[in-house]
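Please read the report below alongside the sequence and the 3D view. It goes through selected salt bridges, strands and single residues in turn.

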Amino acid sequence: MYENYYSIDEVCAKLKITFKTVEAAVEKQILHPILIPFGSKTRKLFPYEEIDAISNLLEQTYGIKELFKLAQQDDRFSDITLNTLRNFIDRYPIPKFVNPIDSWDIRRILRSDLRGLFDYIDQKYRRRKYDSIKQWIKPGAEIKFISDVNGYLNFDFLRDCYINKYHAKGFSSFQDVARHTIYVAEYQNVDWFTNEKFDDIYIKCSDENKFLEFYELWDRVNNPEEYYTNKEVAQMFGRRVDTIAKFVNAIRVGKLLYLEKSKVDYIYKLEKETITLNELVEQLNLKTDHGDWSDKKIIRVLEKLGVEYIPPGKHPFGHANIIFQKDVPKIKKHFENELTLKTSSPYKKYKFLIQNIKHSHVPRTIEAYEDFVVERFNAVTNGIVLVNALVSIYTETFGTLKKEIFDYDNNELMNLLDTVDTNTAKDEMSRFLNFCNRTLSTRYTNQFKIHKGTNEEEVQPYSIEQWLDFGFLVFNIHHEHYPIYLEKALNVRGYAMTWLYCSLHYVVGWRHSDLLALPSLSLETVLSMNEYELIQSIREGKFSKEMAQLIINEMMRIVKAFQRKPQKTKRKSNQPLKVVVEDSYVPVIGMLIALCEAHRRIEKKKTLLTERAGRKNSHINFFSEPYREIFGEGHFMNSRAVKTYLNIVQTTSQDQGWGMGYYLASIIRSHKPDKRGIASTTQVYLEHINKSNDVDRITFALCERGTFGFLPYLMLKLIGGELFVKKDMLEQNEQISELLPIKPYMLEWLVKGVVDNQSRVAAVIKELLVTPKEAMMEMLRKISLGEAPSKMEHSQCLLKSVDRSKCIYPTRTDCVGCEYLIPEMYFLLQFRDLISQVLTNIETAVFEFDRQRFSYALLNAYLPILQEAVNLFGRERVSAFINLVEIKIKF
């Protein structure tokens with residue numbers, strides 16, 4: 001049926017051309033094949049008549065390259081140049097033919113006209129006589145002469161090189177060899193020499209290998225199976241190829257560029273099979289149907305769909321992002337779905353999102369859930385807020401069911417609820433369980449209730465292994481994933497926000513809302529660069545630790561100078577946010593703050609971080625598999641992270657014997673203290689480290705919370721001394737037992753009794769508040785100045801502030817359990833000792849490094865706490881214990 005047709009391989013062989021040349025000829029409609037089905041594809045077949053006509057023409061004619069080789073072999077004009085030959089062909093009155101498949105081959109002549117053409121050239125051509133190499137030397141070039149030719153390669157060697165390159169046996173004249181040698185020597189950066197008569201040319205023997213590298217290069221690029229010339233590539237693409245040549249690092253030899261074939265073929269495929277994102281926007285009419293879409297927004301969609309895109313710099317087609325046309329239907333379907341979701345009712349949106357997910361293993365559960373969903377959407381006015389939660393339960397929770405939901409017992413359902421992602425989804429899942437319990441027969445009997453919003457009392461801290469492993473992932477710049485994370489963050493704002501959001505939890509105890517309100521800053525003022533220069537400096541590895549520190553300093557300055565308050569409590573409390581970034585965290589956090597600011601400017605957004613930064617999907621997409629290995633099915637939550645961070649502060653304080661862990665945690669969290677100096681909210685975050693059965697650990701933790709601040713001195717100073725703090729719990733218990741006739745369980749009783757006395761203390765204070773103003777002020781002055789001492793060191797007595805001779809328990813030798821004791825002063829006294837020690841360390845430091853270290857601690861750790869003490873107790877009271885003027889003078 002197709003006997004009168006050639007295959008494409010046969011055409012290539014018959015016409016001695018490449019497959020690409022055939023394809024280009026078909027595209028330009030020079031060749032006219034027919035298409036026949038071949039499996040799932042089609043094949044091209046070319047008519048005999050058309051191909052044979054071209055073949056006959058090529059066989060009966062000479063092209064310009066063939067004529068030039070023949071002319072060089074004729075002694076009459078062996079030195080003729082190609083341009084001169086072209087001129088003679090144009091002037092000689094004989095028929096000229098054009099090669100149909102090579103638009104550059106336009107001077108073909110009949111083989112029978114060859115003799116006449118050469119006779120014509122012989123009559124007209126005037127051969128130039130060359131007796132030296134002067135005419136081949138560039139004006140102003142340095143000429144090096146030699147008289148002794150030992151150690152040099154002469155004309156014979158250079159002529160052999162020329163002959164091997166051009167296969168020019170018999171017509172390698174001196175001038176050709178000289179001209180070629182000068183070119184190669186300059187190309188290879190090899191010195192060439194001549195004599196005083198300019199009638200010979202040399203190179204050093206030591207430069208032989210370097211000189212011959214040119215011919216190795218020539219042999220490599222002069223391979224049509226591996227390289228195209230720039231003319232061939234121009235013919236393929238139908239335009240100049242400067243950009244393509246630069247992209248593929250083309251090799252120039254003489255006047256020709258040689259481009260690696262595999263790279264050019266790939267680019268040719270890209271041009272035929274891809275479109276730019278701008279073309280995609282127009283093709284899908286996105287601006288009309290979906291609003292204005294920037295490249296970055298579309299790229300986020302592509303990443304979500306798993307569609308490959310090629311950014312600028314990875315292709316030679318300008319500054320556009322490009323995608324393969326085969327992916328357009330998938331992208332189109334996505335936007336059609338988005339439009340459907342945007343215009344659908346909440347219930348229809350829910351049904352649309354679950355339409356492709358089947359749970360055939362629990363059919364009765366799915367049937368009951370459908371009834372529940374209908375009831376829920378009918379019961380609420382704003383059903384759109386339930387869609388994601390209901391879809392999450394259907395797609396994720398039901399996918400893990402091992403049996404029908406009605407067959408679960410109470411304990412199994414509690415474990416199942418723990419795996420539900422968000423609080424809203426937990427709330428809806430509990431409603432569904434109660435719905436089933438109410439309407440169907442179930443094995444479980446519980447009524448489940450999950451309150452919406454974050455319930456901090458139920459949130460568990462992360463394990464120390466999780467906390468350290470995730471910190472290693474976030475901050476280790478030598479981690480194998482770090483280059484991947486950095487590239488992601490540089491290209492996509494959402495990834496940079498996710499990274500920064502997670503990293504901040506290791507240096508501040510802020511709520512989610514406060515992190516999202518992180519202030520922006522001026523890159524020009526801090527780093528003297530704009531957003532584009534900043535991104536470029538990070539990409540090139542030029543963003544230094546010093547630059548990161550400048551960013552951190554500016555962020556801390558803004559937070560402190562403007563007294564930024566927690567979003568949740570700023571109307572009720574005057575406690576400002578606290579931020580101190582330890583030195584090892586500076587490079588990553590400083591870089592990420594600057595990068596997020598750059599992204600914010602480029603995308604013209606208002607805030608540094610958005611809600612997206614705290615979402616589970618954002619974390620998984622950015623950190624990928626290592627994230628799942630650390631958190632399993634859970635994720636990195638603000639409430640759990642803050643609890644972990646504050647617990648570490650508390651534990652470190654206990655281990656170091658600071659005695660101020662509770663105060664540190666309260667200040668870090670910016671909680672408002674009550675009249676006793678106790679920020680009760682902080683207790684929620686510290687409860688998990690005080691569950692030990694050891695009474696002395698419980699007592700120690702209670703002391704740090706400020707319930708009765710005198711106990712560290714009572715137990716440690718009077719019983720064990722300063723070394724007591726360094727002992728472990730068992731040793732402490734043994735020492736207490738030896739020095740006092742009291743058991744650990746009796747200490748617990750003592751703690752309970754003191755706590756019970758707190759209500760009595762409040763009653764005494766109320767009585768004192770009704771005293772005349774002058775008497776009250778005098779009483780407070782005495783307390784502030786330490787003029788009302790109790791029976792114990794480092795504490796004051798309310799009763800003695802009125803009458804120094806009075807004591808409600810005159811037979812006691814201590815004040816343990818007395819309702820008139822003023823324990824808050826213990827904090828100021830103990831803190832005075834600590835800050836005095838730091839000041840002494842600064843004054844006595846031998847090395848500048850130590851002086852800077854202690855100064856940094858004073859500025860960033862102690863002085864912020866001191867400021868809180870002033871806010872809480874008042875400047876006069878604090879001055880009675882801590883010399884503020886002395887600190888100001890010394891520092």
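## Salt bridges and their surroundings

Glutamate 554 counts as buried because its relative accessibility is 17%, where buried means under 20% relative accessible area, exposed means over 50%, and partly exposed lies in between (1.4 Å probe, protein chains only). This is a predicted model, in which local features need pLDDT of at least 70 and side-chain atom pairs count only at pLDDT 80 or more, while totals for chains, interfaces and linings use all residues. Residues are numbered from 1 along each chain as its sequence is written, and side-chain values use heavy atoms, with hydrogens and water left out.

Glutamate 554 forms a salt bridge with arginine 557. A salt bridge is a side-chain nitrogen of Lys or Arg within 4 Å of a carboxyl oxygen of Asp or Glu. Both residues of this pair lie in helix α28 (residues 545–561), 3 residues apart, which is about one turn of the helix. Helices (H or I, at least four residues) and strands (E, at least two) are DSSP runs, numbered from the N terminus. Arginine 557 has a relative accessible area of 43%, so it is partly exposed.

How many salt bridges does the structure hold? There are 26 salt bridges.

| Glutamate 554 | Arginine 557 | 2.9 Å |

Glutamate 375 is partly exposed because its relative accessibility is 38%. Arginine 438 has a relative accessible area of 54%, so it is exposed.

Arginine 376 and glutamate 428 are both buried.

Salt bridges also link Glu524, Glu531, Glu597, Arg600 and Arg601 in a network.

## Strands and hairpins

Two strands pair if DSSP finds at least two bridges between them. Strand β2 (residues 34–38) pairs with strand β3 (residues 41–47) in the antiparallel sense, over 5 bridges. Proline 37 has threonine 42 in β3 as its bridge partner. β2 and β3 make a hairpin with 2 residues between them, and glycine 39 in the turn has a positive phi of about 65°.

Strand β11 (residues 256–260) pairs with strand β9 (residues 227–229) over 3 bridges, in the antiparallel sense. The bridge partner of tyrosine 228 is leucine 259 in β11. Strand β10 (residues 251–253) also pairs with β11 in the antiparallel sense, over 3 bridges. Isoleucine 251 stands opposite tyrosine 258 in β11. The hairpin of β10 and β11 has 2 residues between the strands, and its glycine 254 takes a positive phi near 65°.

An open sheet of 3 strands has the order β6-β8-β7, with antiparallel pairing. β6 (152–153) and β7 (192–194) each have a single partner strand and stand at the edges, so one side of each has no neighbour in the sheet. β6 is joined to strand β8 (residues 201–204) by 2 bridges. Tyrosine 152 stands opposite lysine 204 in β8.

## Single residues and a surface patch

Where is threonine 397 placed? Threonine 397 is in helix α19 (residues 384–397). It counts as buried because its relative accessibility is 5%. Apart from neighbours within four places in sequence, threonine 397 is in contact (heavy atoms within 4.5 Å) with Ser392, Leu416, Val420 and Met429.

Is phenylalanine 847 buried or exposed? Phenylalanine 847 has a relative accessible area of 56%, so it is exposed. Its place is the loop between α41 (825–844) and α42 (848–873).

A disulfide is a pair of cysteine sulfur atoms within 2.5 Å, and by this rule the count is 0 disulfides. Cysteine 12 is buried because its relative accessible area is 14%. Cysteine 161 has a relative accessibility of 6%, so it counts as buried.
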